[in-house]
Amino acid sequence: MRAVVIGGGVSGSASAIALARVGAEVTVYEAYEDPAGPVGAYVSLAVNGLRALDTLGCLEQVQKAGFPVARQLMWSGRGKLLGNVARGRNPQDTLHSVTLMRADLVTALREEALRSGARIITGQRLTGSTDPLTAGADLIVGADGIWSATRRELDPAAPQPAYARIYYISGTSDGTAIRTEVSRQGFNWIFAKRGVFIYLPTPDGSIWWTAQVASPQPPPDPAAVSLADLAELFRTEPQAAAVLRAATAVRAANIGHVLAPVTRRYQGHTVLIGDAAHPVGAGQGASIALEDAVALARSE
């Protein structure tokens with residue numbers, strides 16, 4: 001069987017591994033020159049995603065690229081602890097959620113795909129399932145994300161992404177420079193007046209953070225949103241303000257999008273997986289994409 005995968009991110013690389021393991025001749029076409037690249041910030045994998053990685057044979061590599069996060073803490077803006085629960089797992093589950101940089105996750109998956117025999121072609125954007133490069137394929141996997149061209153080909157009336165009334169800015173802070181008391185454990189969510197502020201202490205002493213800013217309109221120029229703007233938005237939340245004061249790096253803002261349910265996920269020998277089929281957040285987007293890859297291979 002010859003399989004063509006459109007998109008070399010998390011879902012595309014994972015499906016390449018899974019399909020190659022069941023004997024398919026797999027070619028992945030990725031629009032970016034570097035499928036890992038400096039795209040996005042950190043991602044978290046819940047235990048369902050980790051078990052999918054175990055099935056794919058690359059759980060250990062991904063665990064080494066990140067670090068386990070056992071707990072999730074939820075705070076009011078004033079610093080009152082609202083909840084402390086197991087992160088991405090049942091409390092009795094000994095397999096802990098893993099957080100790592102998206103680039104490191106894609107790198108680990110891509111390397112495993114190559115070891116499994118898949119071919120990865122970068123810098124090549126396919127226009128969908130009718131692209132000439134898909135000719136002769138027995139299976140076409142649309143793993144081309146929330147803006148999927150493959151989804152539009154399957155169903156011209158398919159839903160299109162819409163602004164979610166939220167935008168995201170991520171960065172890194174020097175944890176050793178923070179004198180104000182902040183939580184030094186777990187995945188922390190602060191429910192603030194202007195959105196949600198998330199921060200996560202890492203083993204090297206730094207703090208990874210994301211500001212989820214609620215806004216009826218997206219910023220006219222996402223790249224122009226500054227650290228000073230964030231500091232003003234979260235100035236009434238002491239923990240968030242302390243993390244932002246110690247910031248050492250800030251990434252450009254990303255606009256949040258939502259997608260109405262996709263009703264046509266396959267047609268003929270073309271199938272959608274990952275964000276092309278069902279984008280989700282709150283730590284499950286990457287995990288469900290990994291599960292998709294395993295389910296796809298098992299159906300072949």
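An open sheet is formed by three strands in the order β3-β7-β4, with antiparallel pairing; strands are DSSP runs of E of at least two residues, numbered from the N terminus, and two of them pair if DSSP finds at least two bridges between them. The model is predicted, so that local features need pLDDT of at least 70 and side-chain atom pairs count only at pLDDT 80 or more, whereas totals for chains, interfaces and linings use all residues. Residues are numbered from 1 along each chain as its sequence is written, and side-chain values use heavy atoms, with hydrogens and water left out.

The edges of the sheet are β3 (42-45) and β4 (67-69), each of which pairs on one side only. Strand β7 (residues 97-101) runs antiparallel to β3 and is joined to it by four bridges. Tyr42 stands opposite Met101 in β7.

Apart from neighbours within four places in sequence, Val141 is in contact (heavy atoms within 4.5 Å) with Val4, Val5, Ile6, Ser15, Leu19, Val271, Ile273 and Leu296.

Arg165 lies in strand β10 (residues 162-174). The phi of Arg165 is near 60°, a positive value in a residue other than glycine. Most residues other than glycine have a negative phi. Arg165 is exposed, with a relative accessible area of 52%.

Notes. Buried < 20%, exposed > 50% of the residue type's maximum accessible area, 1.4 Å probe, protein only.
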